[in-house]
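Please open the model in your viewer and keep the selection tool at hand. The stops below are meant to be visited in order.

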Amino acid sequence: MSTEGFQTVWNPAPRGVCGNMGRMTPTAVPFDLNPVSPQNLADPVPFYRELQRQAPVYWAQSINTWLVSRHEDVVASFRDPRLSANRTAFFEHQVQSLGPASIQDFMKIIRNQVFMKDGAEHIRLRRNMNPGFTAQSLDKWRPAIRRTMEQLLERIQDRGRMDLVKEISHELPPLVIAELLGIPVEDRERFRAWSKPMADFSSPAPGADMGVLVQEVNRAMMAFSGYLTRIVEERRSAPGPDVISQMVSAEEEGKLTTEEVVSNALLLLFAGHTTTTDQFSNCVHALLTSPDQLKALRDNPGLLGSTIEESIRFNPAVPFIGRVAVEDFELRGQTIRKGSHVMFALGAANRDPEVFSEPDRFDITRDMTQTRHVGFGFGPHQCIGSGLARRELEIALELLLQRLPGLRLDEEHTPVKHHSLAFRGFTSLHIRW
C-alpha cells in the first residue's frame, strides 16, 4: 500500500511553457533514455542500469522531469527540504490546454491529502492518521486478513486454475481496507470503480484524451468524497474501532478538519488496494518464474517475510515517485531549478549494484538489515500503509502456497502486464495447481 499513488506522467511542454523546469548539459547517450518509450516501459531494467551508469541525475526532455536513480541519491532526496511533496502545479500543468479550472474537483480533494504536504502540516496529518497504522493496531486485523484470504481460496481451490489478478489480487486488498476503514464490503465495487479514473488520470496512457480523463476523474472524486462524507457523519454518531472513527475523533478534538478526514480516507481507500493488488501479483510472478526460490520458501516458511521484502525490491508496484524543487540546487553536477519536477526512480534505486549484490537476481535470502529497499519510500513520507501491506502480502502468500500445492504458471495463458511510471503490475496472471 502506497499513499504516493498519484503520480502524473507529464506531457512534453511547448516551448516557453514551464521554461524554468531544468536544463541538462547535452551528453552523448547511445542508449534510449526516454522513460516512457514502449521498450523502456515494458522492460525498465536495462533503462535503470543505463540511467545509473550514464546519467544518474538526468533531464528527461520527453516528460519535462529530472530522474534521480542511484540509491544513495534517492534516499538523500526523500529527506531533502528543497524537494517538496506539494505537486499541485504539475497536476495543473498536465491539463494546461484545458486550464486549471478543469480539474478543480480533483484538486479540491488532493490539496488536503497527507502525501501532498510538507513540514508541520505533514506531521500534523500523519500524526492523526498513525494510530490506526501502528504495529499493535495492525496486528489486531491479522485474523480478518486471514479469514478473507481463506474465503477467497475456498471459491477456487477445487478448480485447479484461476486468474490470480481477477480472483485474488483484485479482491483481497479492497476487502481488507474496507474492513480497516469500516466501509461496507458490499460497496467495494463502487470505490474500485471510482479509483480507476484516478489511476488513469495520474498516469495517462500514450495518446489518452485528457478531456475525457479530466471529466471522469472529477466525477469520480466527487462521488467518492460524497460517499465518504456520509460515512464520516455516521461515525460521529456511532464510532467504531476503524481508522475513520479514529480520524473523526481527532476532528472532534480540533486536530483535523472534516475535509481532511474525507480527503485522507479517500487516499487510504485508493492506495490501500491499488498498489497492494499490483504488488501481490508481482510477488507471485517472481516466485513462479524462479523455481529455486519457490522451493527454498516451501522448504523454509521462515523466509516468508524476506520473500515479501525481496519482491518489493525486485519489482515495486510504484516504480517512480515525484517531488518539486522549491529552490535552485545542484545534484551530481546538474543544476535543478526552482519549480522543476523531480522523480525518484525507486525501481532503479532498488537495483543499484553499488548497494545490492547481483541486483537483477530475485533472491529471497537477501539480507536487507543494513540497506533496505525504497519500495515504500523513505524518511518522513515513507508509506503510512506499509505495515498493512506487508501483513496482507505475507498472509496471502502463506495461504496461497499452503492451499494450492504444485502452484505454477498456466502455460495456456500469457501473463499480461500493465506498466507506466506510476504503476507496475499485471492485468492478468493465470496460474494452475
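What follows is a short tour with a few stops, each giving a selection and what is found there.

This is a predicted model, in which local features need pLDDT of at least 70 and side-chain atom pairs count only at pLDDT 80 or more, while totals for chains, interfaces and linings use all residues. Residues are numbered from 1 along each chain as its sequence is written, and side-chain values use heavy atoms, with hydrogens and water left out.

**Salt bridges around Arg124**

Begin by selecting Arg124, which forms a salt bridge with Glu121, the closest N and O atoms being 2.9 Å apart; the term means a side-chain nitrogen of Lys or Arg within 4 Å of a carboxyl oxygen of Asp or Glu. Arg124 and Glu121 are three residues apart in helix α6 (residues 119–129), and are therefore separated by about one helical turn. Helices (H or I, at least four residues) and strands (E, at least two) are DSSP runs, numbered from the N terminus.

Colouring by accessibility shows Glu260 as buried, with a relative accessible area of 6%, whereas Arg124 is partly exposed at 21% (buried is under 20% relative accessible area, exposed over 50%, partly exposed in between, with a 1.4 Å probe and protein chains only).

**His381 and its contacts**

Next select His381, in the loop between α17 (346–349) and α18 (386–403), which counts as buried at 10% relative accessibility. Its side chain makes a polar contact with the side chain of His122 at 3.4 Å; a polar contact is a pair of N or O atoms within 3.5 Å, where within protein one must be able to donate a hydrogen and the other to accept it, and residues adjacent in sequence count only if both atoms are side-chain atoms. Show the backbone of Lys117 as well, because its oxygen lies 2.9 Å from a polar atom of the His381 side chain.

**A three-stranded sheet**

Finally, select β4, β12 and β9, which form an open sheet in that order with antiparallel pairing (two strands pair if DSSP finds at least two bridges between them). The edge strands, each pairing on one side only, are β4 (161–163) and β9 (408–409). Three bridges join β4 to β12 (residues 430–432), and Arg161 stands opposite Arg432 in β12.
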